[in-house]
Structures are given as C-alpha cells and as structure tokens.
Amino acid sequence: MRAPLSMKIGWGRQTVLAGLAAGGAVLARTDTAIGAYLNAPAARWLRRITAAGLDEPPGQAALTCLRVWASAGLITLDDQAAILVGDPEIEEYEERGRSLRRDLLQRAALFPRVGMPILAVGVGRDCAYCDQLLTDLAANAPLRDGGVVVSGDDRIRLFGAFSGTGLDRLADLPDLPDLPDLAELADLPELADLAEMARAAAPLGTPSGVLLHPGAPPRILEGYHQVSAVIVSMLGDEPDRVVMETPSSCSVNVTSGEGTSVRPVRAGDRVVGIATRGAVTGELDGWLSAHTADAAYAPATLTVERPRNLYLVYRGGAMIARHRTPADTIACLETMLAGYADHAGAAEDEADVGCGVLWHPDHAAVLIPNHWLSPMARKSSRLRRSGWQLCPQPYVRLGMRDGQAWARVRPLGEDPRMAPVAFLAVDPPAPATDERPARTPSTEERAAQLVCWAVRPLTPPHLRALAATAHHIPIRTLGPDPILAQLPDLVLARGADPLKRTRAD
C-alpha cells in the first residue's frame with residue numbers, strides 16, 4: 001500500500017492574503033509589486049492547503065497556480081510539493097542560472113584586487129531597463145569613489161573613477177567597440193576581463209552584473225533595481241533613501257536627450273532624481289541648488305523640459321503636468337516631493353496607491369490609472385475651466401471614514417486634504433479577436449487590481465486596509481475621453497450624484 005502524500009504549502013516570507021468583500025482575495029507581496037487575484041473557491045482552497053497541507057496531487061490548473069505563486073515568492077513548498085509542482089523546463093532554466101552564477105563568481109575571484117568599488121554590468125539590445133540605466137549613468141554628475149563598466153551591446157562604456165591594479169588608465173579611454181574576441185584590448189587586459197565579466201552576467205537577465213569591492217567577496221546583481229541600488233551604495237549612500245521606480249520604454253524616451261542632467265533633490269528623508277534639459281535647466285538652477293540632496297547618484301524620476309512655451313513635467317514616462325510659468329512648475333515639483341516624503345506616514349488603516357486623481361473642491365474625487373496621466377495632463381486646461389484638476393502627486397492615499405472611501409489629495413500649490421472618492425475609472429475590456437474572446441472582469445477583479453497597485457514597501461495591515469477600502473470604491477468602465485465628456489454632466493446632476501461630497505473637510 002502506497003504511503004499517503006503529506007506536502008506542506010506555506011506563505012512567502014513577505015506575503016499577505018488580503019480578503020475581498022465577495023469572498024475572493026489578493027495574494028500579494030509587501031516588499032515588491034507582485035500580486036495575484038484569487039476568486040472565492042481558489043482563496044478557500046489556498047487557505048485550506050496552507051493549514052492542512054496536500055494529501056493528494058491537485059489538478060493541472062492548480063499545479064500551474066502553485067508553480068507560478070512559488071516562482072514569484074508568494075508561497076513556499078516543501079521538498080515533496082516542489083517535486084510534484086516542478087516543471088522540467090523551469091528546473092533546467094534554474095540550473096542554468098545556478099551554473100552561470102558559479103562561473104561568474106569564479107571569474108570574479110580571479111580578477112586582481114581593486115582599490116575602490118568596480119561594477120561590471122551586462123546589457124542587451126532593445127532592453128528598456130538597460131537603456132534607462134545608461135541614461136541615468138550618463139545624466140548624473142561624474143561618479144566618484146567607484147567605476148562602472150558596461151558591455152554587451154556592441155560597445156564598452158566607462159563611467160566614474162577607476163583606481164587599483166592596472167585600472168587607473170581606464171578613466172581616460174573613449175568608448176570602445178565591443179569585439180567578440182576583444183583583440184583590440186590586448187594591451188588592456190583588466191578592461192577585457194571586466195567586459196567579459198559583464199557579458200557573462202547578461203544571461204541572468206539584463207541588466208545584471210558583478211560588484212568587485214575592496215575587502216569583500218564578489219557580489220552578483222540581477223535586474224535594474226539591484227544594479228541601481230548597488231551604484232547608490234557603492235557611492236556612499238543608502239539605497240532605501242533614493243527613489244528608484246520601474247523604468248519603461250516611454251520613460252527612456254522622456255529622460256534621454258541632448259543635454260539632460262540629473263540632480264538628487266531632497267524629499268524629506270528621501271532623495272528624488274530630477275532631470276532637466278535645455279533652457280529649463282538654467283531657469284530652475286536656483287531652486288534645484290537650494291534643494292539638492294547630499295547624494296552622489298539618483299536615477300531620473302521626475303523630468304522637466306520646455307520645448308516651446310509650456311513647461312512639461314514627467315514622472316517616468318508619463319506627463320503629469322503642463323504649466324505656463326516657472327512658479328507653477330516649481331509648485332508642482334514641490335507637491336510631488338512632498339508626496340514622496342510622506343509615503344512612510346500612512347496610518348495602519350490607510351495605504352498609498354499608484355494611481356492618479358482628478359479633484360474638484362466641491363465634489364468627490366475620481367481615481368484614474370497611471371497610464372491615463374498623459375492624456376489627462378494634455379487636457380489640463382479643459383479640466384481647469386470646469387473646476388477640476390489632475391493633482392500632482394506620486395501616490396494617492398486611501399482609507400475609510402464613516403463607511404466611505406476617502407483619498408488624500410494634493411492640489412497644486414495647496415496643502416493636502418481628504419476628499420471622498422466617487423469611483424475608480426478603468427479601461428473598457430479589450431474587444432474580442434479570433435484568438436481571444438471578449439471578457440469583462442468582475443467588480444471584485446477590478447477591486448483586486450486597485451489593491452495590487454499598492455505602493456511597496458508596505459505592511460500587512462496596510463494591504464488588508466486597502467483591500468477593505470477597495471470594496472467601497474465603485475468601478476466605472478470608461479476611458480480618458482469619456483471621463484472628460486461626463487465630468488461636467490456629473491457635476492450638474494442632482495439626486496444620486498456620484499461626485500457629490502458627503503461631508504466637509
């Protein structure tokens with residue numbers, strides 16, 4: 001007789017299962033933006049197997065869920081469960097990764113001892129994360145107390161200072177072609193070794209690299225955030241203090257450009273990189289100098305330019321404001337910085353959410369997805385004429401008051417205040433195609449989407465509070481233009497006006 005299975009399923013170290021009103025739940029990490037929606041049967045099943053384990057193999061769909069959740073760090077599996085859930089292709093991929101890391105560490109251990117931190121980074125073609133990293137490195141002031149060698153896309157780039165065994169000469173070198181055999185680098189064996197080390201790290205996922213640090217073993221870094229964080233730390237700052245947001249192809253297009261420079265600017269105890277270019281650099285120089293943080297490196301988070309008569313303010317790849325005067329532009333930047341500084345100040349029954357907010361002093365606020373920010377900013381004049389504005393803030397803080405959802409809004413040039421939430425506007429479902437039938441997400445799924453927008457890091461009470469708040473926020477399926485067409489009518493509507501305020505501030 002075969003012995004019964006006894007497989008243990010556990011929660012990830014930084015994972016929360018936050019229940020939703022209709023019985024479903026959001027399984028999310030509190031340290032990074034990873035989450036999944038579970039309908040009511042799936043939520044009940046996961047709660048049961050984490051409490052009692054698995055005593056028989058689940059179906060294929062359940063196996064797939066367990067595999068995905070485990071790979072994202074949302075759950076843990078004991079040895080028996082890992083064998084059952086394991087995918088041969090995934091296991092082969094993970095073994096290749098382990099082998100690459102071993103080889104990379106062995107290569108790094110043979111490199112001559114260095115006198116200051118040296119980072120070798122492997123990049124790839126058509127990689128938005130790599131392009132953003134290169135933009136950040138080029139736009140920041142000359143790096144001191146450390147050097148970065150970037151290779152993997154047919155070029156070798158050098159940033160910062162180099163000293164130590166044979167590396168002093170590298171600071172004076174121009175960009176070099178990245179040759180497969182590096183024959184032209186025969187007289188520069190240290191650079192050749194660093195370039196090969198960088199390219200050897202690239203298969204781990206671009207950008208990736210290895211840090212050589214005096215008096216410490218080599219350290220492998222994988223992904224934009226790890227690489228950027230170690231550049232911050234190797235130059236003497238604390239990575240948790242510097243704002244580093246996930247780049248996109250749009251953010252690279254915004255932050256790159258002739259003459260772009262980045263200043264690290266104070267946001268309370270945090271540091272935000274503000275990029276400027278063109279005439280606006282000189283116009284904002286006094287304000288930037290007065291607010292410059294004591295930091296050596298900060299990735300570009302906010303960008304300001306004035307291509308014609310308007311000052312354009314971007315957060316990452318999204319335009320968040322268009323202003324006609326430097327004073328309004330500075331007020332916008334100060335409001336954004338205040339929002340970044342305040343992120344750690346949420347009470348346990350509140351949470352910050354990565355979305356935008358439309359605000360009117362006499363009506364309830366409307367939440368919008370971040371990818372609507374640019375089209376809304378382009379309509380800012382029309383919004384202002386009707387008394388509305390797109391508030392310049394990096395996050396929206398949500399919580400409950402008297403059984404209703406409220407948002408903390410930051411109108412331009414004014415103190416933050418609380419406003420009741422009318423609804424969350426979301427995109428209509430994608431139309432049906434031959435390959436994919438049309439599907440309308442349920443209201444609970446939409447609420448789960450809002451919970452997954454929570455700004456990390458956060459605590460389990462914050463995540464559970466947001467899940468409870470999301471239940472009280474109506475969902476409206478619209479688009480950017482339909483929202484603008486409806487706002488004036490909603491303002492004038494009587495009776496059940498979803499935008500009417502329910503109590504004074």
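1. **The aromatic pair.** In this predicted model, the structure holds one aromatic pair. The partners are tyrosine 340 and tyrosine 395, whose ring centres are 5.6 Å apart. Their planes stand at 85°, so the pair is edge-to-face; the cut-off for that label is an angle over 60 degrees. In general, such a pair is described by the distance of the centres and the angle of the planes. Tyrosine 340 belongs to helix α11, while tyrosine 395 belongs to the loop between β20 (389-390) and β21 (396-401). The pair therefore ties together parts that are 55 residues apart in sequence. Both tyrosine 340 and tyrosine 395 are buried.

2. Five strands make up an open sheet, arranged in the order β12-β13-β14-β15-β16, with mixed pairing. At its edges are β12 (261-267) and β16 (318-323), each of which pairs on one side only. From one strand to the next, the twist averages 25°. Helix α11 (residues 326-341) packs on this sheet and touches β12, β13 (270-276), β14 (300-305), β15 and β16. The direction of α11 makes about 15° with that of β15.

3. **Strand β15 and its neighbours.** Which strands pair with β15, and in what sense? On β15 (residues 311-315), the pairing with β16 is antiparallel and runs over five bridges. The pairing of β14 with β15 is likewise antiparallel, over four bridges. Leucine 312 can be followed in both directions: its bridge partner in β16 is arginine 322, and leucine 312 is itself the partner, in β15, of glutamate 305. Arginine 315 has alanine 318 as its bridge partner in β16.

4. **The two hairpins.** The link from β14 to β15 is a hairpin of five residues. In the hairpin of β15 and β16, two residues lie between the strands. Glycine 316 in that hairpin takes a positive phi near 60°.

5. **Burial of β15.** Is β15 mostly covered or mostly exposed? The strand is mostly covered, with five of its five residues buried. Both faces are covered. Tyr311, Val313 and Arg315 are buried on one side, and Leu312 and Tyr314 are buried on the other.

6. **Helix α7.** Helix α7 (residues 224-234) is mostly covered, as eight of its eleven residues are buried. These are Tyr224, Val227, Ser228, Ala229, Val230, Ile231, Val232 and Met234. After α7 comes glycine 236, with a positive phi near 100°.

7. **The three-stranded sheet.** A further open sheet consists of three strands in the order β2-β3-β4, and its pairing is antiparallel. Its edge strands are β2 (15-19) and β4 (35-38), each pairing on one side only. The twist here averages 15° from one strand to the next. Five bridges join β2 and β3 in the antiparallel sense, and glycine 19 has alanine 25 as its bridge partner in β3. Helix α15 (residues 460-470) packs on the sheet, touching β2 and β3, and its direction makes about 25° with that of β2.

8. **Arginine 29.** Strand β3 (residues 25-29) includes arginine 29. The side chain of arginine 29 reaches the backbone oxygen of alanine 72 at 2.9 Å. Which residues does arginine 29 contact, leaving aside neighbours within four places in sequence? They are Gln14, Thr15, Ile34, Ala72, Gly73, Leu74 and Arg456.

9. **Arginines over aromatic rings.** Two further arginines deserve a look. The charged end of arginine 401 sits over the ring of tryptophan 406, 5.0 Å from the ring's centre. Arginine 476 lies over the face of phenylalanine 423, at 4.9 Å from the ring centre.

Terms used: Residues numbered from 1 in each chain as written. Predicted model: local features only at pLDDT ≥ 70, side-chain atom pairs only at ≥ 80, totals over all residues. Heavy atoms only, no water. Pairing = 2+ DSSP bridges. Axes fitted to C-alpha atoms, helices over the stretch in contact; angles between N-to-C directions. Contact = heavy atoms within 4.5 Å. Buried < 20%, exposed > 50% of the residue type's maximum accessible area, 1.4 Å probe, protein only. Polar contact = N/O pair within 3.5 Å; in protein donor to acceptor, adjacent residues only side chain to side chain. Phe/Tyr/Trp six-rings, centres within 6.5 Å; stacked < 30°, edge-to-face > 60°. Lys NZ or Arg CZ within 6 Å of the ring centre and 35° of its normal.
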